[in-house]
Amino acid sequence: MTNMKRRTLLKGTLAASAVGMAIGAGLLTPRAVLAAWPKDAFDAKSVDAAVSGLFGSAQLEGSDKIKIKVPDIAENGSVVPVSVETDMEGVEAISIVAEKNASPLTSSYNLGPGAEPFVATRIKLGATSSVIAVVKAGGKLYSTGKEVKVTIGGCGG
Amino acid sequence: MKKLLSIVAALGIAASLPYTANAGPEQDLQDFRAYFKKRFPQVPFNEFGNGVYAIDAESRAQWEAIEDFPPYEPSIENGKKLFETPFKNGKTYASCFPNGGIGIRQDYPKFDAASGQVVTLEYLINECRAANSEELLPLKGGPIADLVSYMAYTSRGNKMNIVVPNDPRALAAYERGKQHFYAKRGQLNMACADCHVYNAGNYVRADLLSPALGHVTHFPVYRSNSGSMVNLQHRYAGCNEQVRAKAYPLQSEEYRALEYFHSYMSNGIEVNGPGSRK
Amino acid sequence: MANTIKVRAKLAGDVTTVKALISHPMDTGLVKDKKTGKPIPAHFIQEVVCEHNGNAVMTALWGVAISKNPYLSFRFKGAKVGDKLTMRWVDNTGQSDSQETVID
């Protein structure tokens with residue numbers, strides 16, 4: 001897709017987003033959302049502790065069925081696009097772990113009914129690090145990782 | 001950095017300067033374009049509007065991922081809202097601009113013969129506010145960047161069309177801007193041209209230096225660095241400070257002159273702002 | 001906080017692709033305020049839930065390492081054009097926002 005096309009498309013989609021309506025916070029049934037936040041996993045200082053904190057085990061089986069898309073060299077460590085996708089069956093959760101971050105767990109995604117095993121987001125990387133995708137499927141944990149170089153310093157301000 | 005530059009100069013790269021003294025804007029523009037065409041022969045002319053993303057595939061891929069849902073969208077939306085909200089006296093910004101302010105970004109900065117001043121969109125926004133008894137906006141970030149983002153967005157696809165009329169005051173402002181661009185300044189003793197002309201495409205530590213051709217088309221930019229919108233003169237101040245020179249006040253005559261020259265050099269390249277950068 | 005969520009949901013075949021951009025500082029608590037020298041307190045979204053037909057199709061648990069003004073994309077099956085989708089976030093200070101969109 002050329003840049004011009006993308007920009008013309010953007011004009012259209014910007015108009016379309018006016019369709020979304022702002023609804024008050026009472027729309028969803030109240031539940032103890034904060035209680036469900038896995039504090040120990042997010043505070044953990046190692047990959048193993050983070051994964052254990054989430055899933056009760058750090059036993060990861062390497063899998064080439066997981067596709068993780070991250071840049072080789074991050075243009076900016078504050079905004080690193082990441083996407084994880086797999087064609088495995090029975091995926092319940094996907095987690096993204098940045099090995100060298102002070103707290104390696106960046107996020108975890110619980111798939112509900114009908115959800116496809118795909119997630120994309122943008123993360124912060126503190127330093128050159130392996131970014132590891134953990135997939136929980138059929139009760140087991142699988143993973144794959146890719147190194148992302150983070151360079152700091154220059155004139156960019 | 002100085003050593004690097006003297007090595008570069010020794011290699012004769014600086015030999016083909018993109019300007020001749022006192023040649024006039026049209027000749028300067030031809031020379032400027034010729035220089036960048038020679039330096040980056042693979043880059044189609046209009047693509048220079050994408051800066052480093054026109055010359056580096058790796059960062060381009062990340063930029064495209066981010067453009068999938070651009071972080072500057074809230075700025076455009078807020079800018080539109082601000083633009084359309086009437087002042088206390090009932091008037092709107094539309095009354096202060098040609099074509100109601102829509103699709104005009106490519107014409108600015110403009111030389112205003114009546115006042116003898118080079119006027120930018122930010123300058124006119126505040127002039128409009130003053131004329132309608134509204135408080136002036138701070139000249140960087142926040143609402144003014146959002147307004148300019150919106151105005152840029154409505155102008156996407158229009159080719160930059162800065163006019164330097166045959167008026168000695170306009171030519172003087174143009175020359176002043178050109179002077180600023182090529183003059184060394186600050187403790188690091190560097191000119192805008194040192195990075196963005198002679199070293200365009202090279203790295204200064206982790207940063208890839210963008211070519212000055214097409215520089216202005218994508219401003220204001222959402223910077224991942226700060227998570228906020230940065231307009232052009234805000235960046236000028238940042239760059240001045242980074243070579244440890246004292247920044248000029250935003251919208252001062254000096255920066256308006258610089259923006260005049262700098263924008264003229266992007267003539268013919270399509271407006272594609274607002275943009276997102278690292 | 002209100003009106004912080006921009007969400008788009010597009011159906012292609014039987015898969016709906018959802019993309020969202022949320023305005024939120026996602027402060028880590030580790031960065032010092034340049035003016036005061038004091039750390040800016042952690043202020044980040046902890047959970048994002050997307051509901052369709054009463055089901056939470058995606059629950060994202062986030063930490064401080066998600067970028068400022070965060071982006072999220074996921075896909076799911078089982079929706080039709082015209083269906084409503086609701087996205088809600090809650091942050092560590094208890095603030096929240098939600099947005100409804102229509103699948104197109």
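Colleague: Which residue of chain A does the side chain of C:Arg75 meet in a salt bridge?

Modeller: This is a predicted model, where local features need pLDDT of at least 70, side-chain atom pairs count only at pLDDT 80 or more, and totals for chains, interfaces and linings use all residues. Side-chain values use heavy atoms, without hydrogens and water. A salt bridge here is a side-chain nitrogen of Lys or Arg within 4 Å of a carboxyl oxygen of Asp or Glu. At 3.0 Å, N to O, the partner of C:Arg75 is A:Glu85.

Colleague: How many salt bridges are there between chain A and chain C?

Modeller: Contact means heavy atoms within 4.5 Å, and 42 residues of chain A touch 43 residues of chain C that way. For salt bridges between chain A and chain C, the count is 2.

Colleague: And what is the area buried between chain A and chain C?

Modeller: Buried area is the accessible area (1.4 Å probe) that two parts lose on being put together, summed over both. Carbon and sulfur atoms give 55% of it, and the total for chain A and chain C is about 3800 Å².

Colleague: Over in chain B, at what angle do helix α7 and helix α10 pack?

Modeller: Helices are DSSP runs (H or I, at least four residues), numbered from the N terminus. Axes are lines fitted to C-alpha atoms over the stretch in contact, and angles run from 0 to 180 degrees between N-to-C directions. Helix α7 (residues 168-182) and helix α10 (residues 253-264) of chain B have axes 7 Å apart, and the angle is about 90°.

Technical notes: Residues numbered from 1 in each chain as written. Chains lettered and ligands numbered in written order. Helix = DSSP H or I, 4+ residues; strand = E, 2+ residues; numbered from the N terminus.
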